[in-house]
Amino acid sequence: MSTAKTQEYTIQGKPAASGIAIGKAVIINSESKTITPTSIKKKEAADHKERFLESKKNLTAKLEEMSGELKDTTTAEIIDTQQQIIQDPEIEKSVFDIIDNKLLSVDFAIYQTYCTFIERLKESGSELFRQRIIDLEDIRDQFIAEVCDQKNLKSIKKGSIIITREISPTDLVSYYEDGATGLIMEKGGTTAHAAIIAKSLGMPCIVNAKRATKEAVKNETIILNADEGMVILRPSDKTVKSYKAKLKAQKKASKLTCSNDFETTDGVSFKLMANIEFEAELDNAAKSGSQGVGLLRTEGLLFGKRVRNSPAEQQEFYEQIVAGTEGPVTIRLFDIGGDKNARRPHKEANPFLGWRGIRLLLDEKKLLRNQLQAILTVAGKYPGRVKVLVPMISVIDEVRQIRNEIEKIQKDLLSSGMDIDEKVPLGLMVEVPSVALSAYQFAKEVDFMSIGSNDLTQYTLAVDRGNERIHTLFQHYHPSVLKLIKMTVDGARKADVEISVCGELAGDEIGVACLFGFGIKELSMVPSSVPTINKLLCSKSSEEFTELANQAIELSSSEELEQLYGEWK
Ligand code: PEP
Ligand code: MG
């Protein structure tokens, strides 16, 4: 419920993607676990029952698709159990009973039905039954998300500002395509996945805006000033007028384009690339002046409303990206797990330290091979344009296994008469400190390495990148992180292997000044950062960057580096 304030007031958050937006508030409670009873009219009952049946169908299809993909492990068994629960006629009977006889909404009917079943299992005392509780809870939450998605995704109007606890990247892209112009999240840090996508789409965004979903009133005009990390609720006419002027100025300034020079003042050249995940971002990437796609995240193909995981669907997507880009495209294999785990059936105590990225792919060979087949087919059509990047590497054997898989698939493609790119480069992400510490040994195994500073920071400082309570500890240019990056550069150089950075640090001015000073000449970032980073690198000599980087590494804190950078700039 909203408070009864009538005067203009502000809520603070943390800037995650710059800019200003003025628009109507759309509130999405994507994570409300306790659903409150909402009365409905008798004539609405049929519609609510229909929504239940529609969600049941969608959920069944999604699980079927997953179990088709995951034949190799016990995951398929878990999905089977979940399917049985969904199809249980007792559940449907109870949901319909609550809708028809108590005249309560479908989300609450599902919630109450599952909670009753869960309570019964808890009371049964049987260990076997207790183990099913987690499945029931999971299905209940997926069901509720499904019926709520149907409701929420319909209601958005052009120019709306989304207010939510958290949101999946695919839902965010849907809202963007429907005309949403800003994002306010209660949860998350600035490198949470949705925040990165908002930045890439050029959507102003703040995170960590506590109580925003409670304070805002739907459909009321609000102002999001993401540059200053705040939302203005109930703005006065005077404030709206002054922000409209600011918005106009912002639109003019955003026309700032990238100069065609990609050289420091002493003539050292560099490459600036774009990080993207969806076709919707191609346009911004092209306009930004970037020289290719340095990181194509692919998880968006697996989650959200439109799952596109067959080799043919994937191939179409990769081809569209390569054809829509000038220059190389680095395609990263699925980095499922961590915070990109939305609807996976496994619950883990430490998802960021668990079954993620390459670890999952090597267990789920069908998923891996389908993806490699699609990527390598496109690489064969566009020789010299496609690179393959592997996420979450922590031990050398993982790289060797992937190389073997690639060789096998290349052979199969050849023997079926397809063209292949024999030299398709294989690279690994440096995200785990073990790789940075033994960089030379890892570098010898690959053609290139790309530093994922988001995860490298998370694993070095032991700070969950999405946890708002500790977000101030997420310091990606902390001297300890910079030391690991310097070690990685040294190892890559010794092995004569290309090294680049594709985490958010590559779009941060302080970070970039140090990275370039260490000798990193290729940086990949959200498209909107390209002009600013280009301007910075063109403004000084390579020696000046080296001097700054050498000093940075000797400092004891990020604050000291901020001060040093202020004086240096
Ligand atoms: C990173 O970890 O820096 C990275 C680029 O990968 P992601 O943000 O997708 O985890
Ligand atoms: Mg990462």
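Predicted model: local features only at pLDDT ≥ 70, side-chain atom pairs only at ≥ 80, totals over all residues.
**View 1. D496 sits in the loop between α18 (479–494) and β15 (498–501).** Residues are numbered from 1 along each chain as its sequence is written, chains are lettered from A and ligands numbered from 1 in the order in which they are written, and side-chain values use heavy atoms, with hydrogens and water left out. D496 has a relative accessibility of 72%, so it counts as exposed. On this scale, buried means under 20% relative accessible area, exposed means over 50%, and partly exposed falls in between, using a 1.4 Å probe and protein chains only. Check the backbone too: the phi of D496 is positive, about 60°, although this residue is not a glycine. Most residues other than glycine have a negative phi.

**View 2. N208 is another non-glycine residue with a positive phi, about 60°.** You will find N208 in the loop between β6 (205–207) and α8 (212–215). Its relative accessible area is 6%, so N208 is buried. The side chains of N208 and H471 make a polar contact at 2.8 Å. A polar contact is a pair of N or O atoms within 3.5 Å; within protein, one must be able to donate a hydrogen and the other to accept it, and residues adjacent in sequence count only if both atoms are side-chain atoms. Setting aside residues up to four places away in sequence, N208 touches Q12, G13, K14, M185, E186, K187, G188, E468 and H471. Contact means heavy atoms within 4.5 Å.

**View 3. The magnesium ion (ligand 2) has E431 (OE) and D455 (OD) as its protein donors.** Donors are N, O and S atoms within 2.8 Å of the metal (3.2 Å for Na, K and Ca), and sites may look incomplete because water is not among the atoms. E431 counts as buried at 2% relative accessibility, and D455 counts as buried at 3%.

**View 4. The largest nonpolar core has 94 residues.** Y318, M449, I485 and L523 have the most contacts inside this core. Helix α13 (residues 365–381) supplies the largest share, eight residues. Apart from this core lies another, of 30 residues, among them I86, I91, V106 and I139. A nonpolar core is a set of buried Ala, Val, Leu, Ile, Met, Phe, Trp, Tyr and Cys residues joined through side-chain atoms within 4.5 Å. In soluble globular proteins, nonpolar side chains tend to be buried together. Zoom in on Y318: leaving aside neighbours within four places in sequence, its contacts are L296, T298, L301, I331, F334, Q371, A374, I375 and V378.

**View 5. Helix α13 is mostly covered, with twelve of its 17 residues buried.** The buried residues include L367, L368, N370, Q371, L372 and A374. The end C-alpha atoms of α13 are 24 Å apart, which agrees with the 24 Å that its 17 residues should span at 1.5 Å a residue. That expected span is 1.5 Å times one less than the number of residues.

**View 6. Helix α19 (residues 509–517) has eight of its nine residues buried, so it is largely enclosed by the rest of the structure.** I510, G511, V512, A513, C514, L515, F516 and G517 are the buried ones. Covering them are elements including α18, β15, β16 (522–525), α20 (530–538), α21 (542–552) and α22 (558–568). At the start of α19, a side-chain oxygen of D508 comes within 2.9 Å of the backbone nitrogen of I510. After the helix comes G519, with a positive phi near 105°.

View 7. How many disulfides does a search of the whole structure find? It finds zero, a disulfide being a pair of cysteine sulfur atoms within 2.5 Å.

How values were computed
Helix = DSSP H or I, 4+ residues; strand = E, 2+ residues; numbered from the N terminus.
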